[in-house]
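The following exercises concern a single protein model. Please examine the sequence and the structure before working through the solutions.

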Amino acid sequence: MPSHLKIISILFLLCTLTGYGQSYVVDSGNNQLRPGHPGTFGMDSLEILSRVDSIIQAGISANAFPGAQVLVAKNGHIVFHQAYGFHTYDRLQRVHPEDLYDLASVTKIMGPIPAIMKLVDEGKLQLDLPFSNYWRPWRHIKDKKDLTLREILSHQAGLVPYIVFLNRVMKDGELKNRFFRRQRERKFQLQAYENLYVKDRFIKKMYRIINRSEVKNEKKYLYSGLAFLIFPELIARLGGMPYETYLQQNFYIPMGCSTMGFNPSLREAKNAIIPTEMDTLYRKALTTGWVHDENASLMGGVSGNAGLFGTALDLAKMMQLFQNYGTYGNKKYFSEATVKEFTKVQFPENDNRRGLGFDKPELHNDTMDIAEAYPAPLAGKSSFGHSGFTGTFVWADPENQLVFIFLSNRVFPTREHRNLYTLNIRTAVQQVFYEALLPNTDLPLK
């Protein structure tokens, strides 16, 4: 190995052991994340560092992203956490392990899904009853009244994938005055951006449009985020408090996920925030600290489809909770049966790999070449996670006790940058850690 890599490797090992630059909390409680060392699990830390560094640097060179982070936990021990590159291509600010990221669709399994799991545990929601029992406007809509929560959460309901609500509030490239104000007013309390406020009642208009939206007759896998725009209101009604408060009180605060939340620009987050896209259509500025997703933005940044920001460490805590089937530290948040139900494939007979809210491996992932696999082909069949449009990806593997967090801002400066996908960077990096475990497991090498 070249001498410079040896030096980097030694520094990496020291940082891993000391927790330098990372807010790790050593705790003796069961199932709680704590610092670790790859060698404890027979993993070659020098080989891992060399391979991951090579993949990430190639991604940066190919403009897949200006910077990225990788965090991996094995058996509840953080064995790898490295930051690479810069916030932007001008190379002015380095990525730091404690930086905040716009999580995009990873929000779905960090926000509404744990809330729904808790409500299912409490008997306040039932997966196989019509969703119209809980969302009353659907009771009189012929193509929606019989859809179940199970079908909706597994993307089996036939709901349209996405509605561009921005089209309803703009004309000829300009925002319609009846929906926006440049300063807060009595009926314009939802802040979408600096000096930009949305009419409060626009959310109800979004609900009406969703209620009237098309439902496909054929029940097959069709990814849709529409219901996730509704879930915050439903959770607030059933949970007896605002959606964001419900998440903070029931999950983020007791778990020590201090950075997890919506609208970091409004709560004066201390962590540096990774920018997303140079928005030339709507906000006409570089979007930093405000949700990238336009639909979530029109809801004041608080939604179920997108809007959450957080650090790699807080994401790892949440994924460890799911991997532990509902327990983190000394506290039980869900029943094991509920977590296993949500994280299993629901409709494999329809070539649908999805769980309930959670993404799952391709149905024959373990037989695929790494170029076609999703996620890494060595990931266990019981594994689960989610990806986000901004370049985020989280995955937990109970079989191999491996949590994998990948964070980037691949949409900077434009969402047209797709080399994160074409170069298959996340899968390649994830595979490195599985192969590092091979000498100590019975996993077949792909």
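**Exercise 1.** Does F262 count as buried or exposed?

*Solution.* The model is a predicted one. The relative accessibility of F262 is 2%. Buried means under 20% relative accessible area, so F262 counts as buried.

**Exercise 2.** How are the rings of Y243 and F262 arranged?

*Solution.* A pair of aromatic rings is described by the distance of the centres and the angle of the planes. For Y243 and F262, the centres are 5.7 Å apart and the planes stand at 50°. Planes under 30 degrees apart count as stacked, over 60 as edge-to-face and the rest as tilted, so this pair is tilted. Y243 belongs to helix α9 and F262 to strand β10 (residues 261–262), so the pair ties together parts that are 19 residues apart in sequence. Y243 is buried as well, with a relative accessible area of 4%.

**Exercise 3.** Determine how helices α4 and α9 are oriented to each other.

*Solution.* The axes of α4 (residues 112–121) and α9 (residues 243–255) come within 10 Å and cross at roughly 75°. Angles of 65 to 115 degrees count as roughly perpendicular, and the two helices are therefore roughly perpendicular to each other. At their contact, P112, P114, A115, K118 and L119 of α4 meet Y243, Y246, L247, N250 and F251 of α9. These residues divide into eight nonpolar, one polar and one charged.

**Exercise 4.** Describe the surroundings of H155.

*Solution.* H155 is located in the loop between α5 (149–153) and α6 (166–169). With a relative accessible area of 2%, H155 is buried. The H155 side chain reaches the backbone nitrogen of S224 at 3.1 Å. Among the residues that H155 touches are Y221, F228, N352 and R354.

Key:
Residues are numbered from 1 along each chain as its sequence is written. This is a predicted model: local features need pLDDT of at least 70, side-chain atom pairs count only at pLDDT 80 or more; totals for chains, interfaces and linings use all residues. Side-chain values use heavy atoms; hydrogens and water are left out. Helices (H or I, at least four residues) and strands (E, at least two) are DSSP runs, numbered from the N terminus. Buried means under 20% relative accessible area, exposed over 50%, partly exposed in between (1.4 Å probe, protein chains only). A polar contact is a pair of N or O atoms within 3.5 Å; within protein, one must be able to donate a hydrogen and the other to accept it, and residues adjacent in sequence count only if both atoms are side-chain atoms. Contact means heavy atoms within 4.5 Å. Axes are lines fitted to C-alpha atoms, for helices over the stretch in contact, and angles run from 0 to 180 degrees between N-to-C directions. Angles under 35 degrees count as roughly parallel, over 145 as roughly antiparallel, 65 to 115 as roughly perpendicular and the rest as oblique. Ala, Val, Leu, Ile, Met, Phe, Trp, Tyr, Cys and Pro count as nonpolar, Asp, Glu, Lys and Arg as charged, and the others, Gly among them, as polar. Rings of Phe, Tyr and Trp (its six-membered ring) pair if their centres lie within 6.5 Å; planes under 30 degrees apart count as stacked, over 60 as edge-to-face and the rest as tilted. Lists of a residue's contacts leave out its neighbours within four places in sequence.
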